[in-house]
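Colleague: Please take me closely through one part of this model. I would like the charged pairs and whatever surrounds them.

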Amino acid sequence: MGIYFWRTSLSFGNYRQEDMIGSIIGGAVGALGSIFGGISASKAMKKVKGNLEEQKQENQAWYDRRYNEDATQRADAQRILTMTQEAIKNRNKAAAGAQAVGGLTEESVAAEKAANAKSLADATSQIAVAGDRRKDMIEQQYQHKDARLDDALNNLEINKANQIATAVKGVADAGAGIASAF
């Protein structure tokens with residue numbers, strides 16, 4: 001003797017009960033997958049957005065620091081100025097010595113000092129010109145990197161919108177699948 005189970009099958013239109021349950025479960029899993037995928041993508045995009053915004057802040061800080069540097073205070077400029085001042089000091093000493101020994105006139109010594117002062121002014125002017133070129137280059141680098149970061153942020157927002165649309169579509173499709181089971 002044994003106990004026999006039979007399987008009864010209820011029918012709703014063209015669907016059997018097992019088919020409907022499978023469709024409902026499949027639709028629910030699809031909806032959950034779409035929601036979970038959307039949430040995961042959103043978290044990842046939020047992290048990327050934070051990184052990009054941090055890079056923008058670092059780029060701005062770099063620009064502010066570098067653009068506002070005094071060109072005459074840079075090590076290379078200080079070296080040029082020091083070397084020029086040393087050369088001027090040596091020429092002034094030589095002119096003073098030549099005046100004492102050789103009888104150079106006060107006017108010739110003054111002319112030598114004026115020429116030396118002009119060479120210092122020329123060196124400072126060249127440093128200023130180089131500083132302006134450097135500032136232009138810094139500004140171009142800043143603008144280029146800032147534009148790249150803005151493009152990345154814009155693309156991130158577009159991807160975020162697409163991910164939301166995909167998640168909503170997945171939930172809608174799953175809902176439609178569940179509804180069609182009835």
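Modeller: Start with Asp122, which pairs with Lys118 in a salt bridge, the closest N and O atoms being 3.0 Å apart. This is a predicted model. Both residues sit in helix H3, four residues apart, about one turn of the helix. Asp122 has a relative accessible area of 35%, so Asp122 is partly exposed. Lys118 has 52%, so Lys118 counts as exposed.

Salt bridges that share partners also build one network, made up of Arg66, Glu69, Arg74, Asp76 and Arg134. Take the Glu69 pair. Glu69 forms a salt bridge with Arg134, with 2.2 Å between the closest N and O atoms. That pair links distant parts of the chain: Glu69 is in the loop between helix H1 (17–67) and H2, whereas Arg134 is in helix H3, 65 residues apart. Glu69 is partly exposed because its relative accessibility is 28%. Arg134 stands at 12%, so Arg134 counts as buried; the cut-off for buried is under 20%.

Now the Asp76 pair. The side chains of Asp76 and Arg74 meet in a salt bridge at 3.4 Å, N to O. Asp76 has a relative accessible area of 44%, which means partly exposed. Arg74 is partly exposed too, because its value is 27%. Over the whole structure, a search finds 10 salt bridges. Side chains of opposite charge can pair when their charged atoms come close.

Next, the largest pocket. Its volume is about 150 Å³. Arg74, Asp76 and Arg134 are among its lining residues. H3 gives the most, with six residues. By type, the lining divides into six nonpolar, two polar and three charged residues.

One last stop on H3. Glu157 lies in this helix. Its relative accessibility is 35%, so Glu157 counts as partly exposed. The C-alpha atoms of Glu157 and Lys49 are 8.8 Å apart, although 108 residues separate them along the chain.

Terms used. Residues numbered from 1 in each chain as written. Predicted model: local features only at pLDDT ≥ 70, side-chain atom pairs only at ≥ 80, totals over all residues. Heavy atoms only, no water. 1 Å grid on protein atoms, 1.4 Å probe; cavity = no way out; pocket = protein on both sides within 12 Å on 5 of 7 lines; lining within 4 Å. Points joined across faces, edges and corners; volume = space filled by probe spheres on them. Helix = DSSP H or I, 4+ residues; strand = E, 2+ residues; numbered from the N terminus. Nonpolar A, V, L, I, M, F, W, Y, C, P; charged D, E, K, R; others polar. Buried < 20%, exposed > 50% of the residue type's maximum accessible area, 1.4 Å probe, protein only. Salt bridge = Lys/Arg side-chain N within 4 Å of Asp/Glu carboxyl O.
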